[in-house]
Amino acid sequence: MDALHVVKSIYSMPHMFVGGKPSERAGSSRLAAARLGAGYTPRMELSSSEFLQGERIPVVHSADGAAVSPPLRWSSTPAATRSLVLICEDPDAPLLLPFVHWLLYDLPPELQGVPAALHGGAPDELCGGHVGRNSFLKEGWAGCAPPKGDDAHHYHFQLFALDRVLAIEPGAGRSRILEGTGAHVLGYGELVGTYQR
């Protein structure tokens, strides 16, 4: 990570609490998909019944509403898939790295989506897999909450099909998941929603 970005990010961090438009943001080049080079893998279809690609995410999924996770559906999972990873990140956050809103991993390959209102350990009960830590260091979905007065933030729901099961204990963070994912991505899908206060 370049030193200039680190310094600018430190000065921009107060915007998370006081609002306004920061001078530095994490940036889309630091998203999980960019780090894994997933743009070169076969595409998977990822969608939500709550919003279309590039559209505003409903308030119910934000910190201004009930902060429940949005329902997602996917298809075109590669035949050799052994597990799925889902990460939602906000690269517009005034931080060093994108803000992680949601992290699910070791989802079974036959799964074709997740329902709304997924919290805590629910994936184990509803669809298998594990819940990772978001940027608040808590398990589950962190509702959209961009700084007041800022431009609309973009929430990247990134789905990765892997040729392996990560077999990492529940509650792992982004770095640990990406280390295990490495060169094991067989397919990738992305859905981007926006939210502004």
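Predicted model: local features only at pLDDT ≥ 70, side-chain atom pairs only at ≥ 80, totals over all residues.
Trp 141 and Phe 157 are both buried. The rings of Trp 141 and Phe 157 have centres 6.0 Å apart and planes at 15°, so the pair is stacked; planes under 30 degrees apart count as stacked. This pair links distant parts of the chain, since Trp 141 lies in the loop between E6 and E7 while Phe 157 lies in strand E7, 16 residues apart.

Trp 141 also has another partner. A search of the whole structure finds five aromatic pairs. In one of them, the rings of Trp 102 and Trp 141 have their centres 5.6 Å apart and their planes at 80°, so this pair is edge-to-face. The angle decides the name here, because planes over 60 degrees apart count as edge-to-face. Trp 102 sits in strand E4 and Trp 141 in the loop between strand E6 (130-131) and E7, 39 residues apart, and the pair again links distant parts of the chain. Trp 102 has 1% relative accessibility and therefore counts as buried. Trp 141, at 6% relative accessibility, counts as buried too. Together with Phe 51, the residues Trp 102, Trp 141 and Phe 157 form one aromatic cluster.

From the rings we turn to the nonpolar cores. The largest has 24 residues, and those with the most contacts inside it are Leu 72, Trp 74, Trp 102, Val 114 and Phe 157. Strands E2, E3, E4, E7 and E8 each supply at least two residues of this core. E7 gives the most, with four residues. Leaving aside neighbours within four places in sequence, Trp 74 is in contact with Glu 45, Leu 46, Leu 84, Leu 107, Leu 111, Gln 112, Gly 113, Val 114 and Leu 159. There is also a second, separate core of 18 residues, which includes Ala 38, Leu 103, Phe 160 and Ile 177.

Ile 177 leads on to helix H5. In H5 (residues 174-181), the residues Arg 174, Ile 177, Leu 178, Gly 180 and Thr 181 are buried. Seen down the axis of H5, these buried residues fall within an arc of 160°, so they line one face of the helix. The spacing follows a general rule: an α-helix has 3.6 residues a turn, so residues three or four places apart point the same way. Among the elements that cover the buried residues of H5 are helix H3 (32-36), E3, strand E4 (99-107), strand E7 (153-162) and strand E8 (185-195). Just after H5, Gly 182 takes a positive phi of about 40°.

What about phi in residues that are not glycine? Most of these have a negative phi. Ala 67, however, has a positive phi near 55°. Ala 67 is in the loop between strand E1 (45-47) and strand E2 (72-75). Ser 76 is likewise not a glycine and has a positive phi of about 65°. Ser 76 is found in the loop between E2 and strand E3 (83-90), and is partly exposed, with a relative accessible area of 49%.

The average pLDDT is 88, and 85% of the residues score at least 70. Confidence is highest in E7, at 98, and lowest in helix H1 (residues 3-12), at a mean of 43. Over residues 3-12 the pLDDT is below 50, and beyond near neighbours in sequence this stretch has 17 contacts in the model.

Key: Residues numbered from 1 in each chain as written. Heavy atoms only, no water. Buried < 20%, exposed > 50% of the residue type's maximum accessible area, 1.4 Å probe, protein only. Arc of directions from axis to C-beta. Contact = heavy atoms within 4.5 Å. Core = buried A, V, L, I, M, F, W, Y, C linked by side-chain atoms within 4.5 Å. Phe/Tyr/Trp six-rings, centres within 6.5 Å; stacked < 30°, edge-to-face > 60°. pLDDT = per-residue confidence, 0-100.
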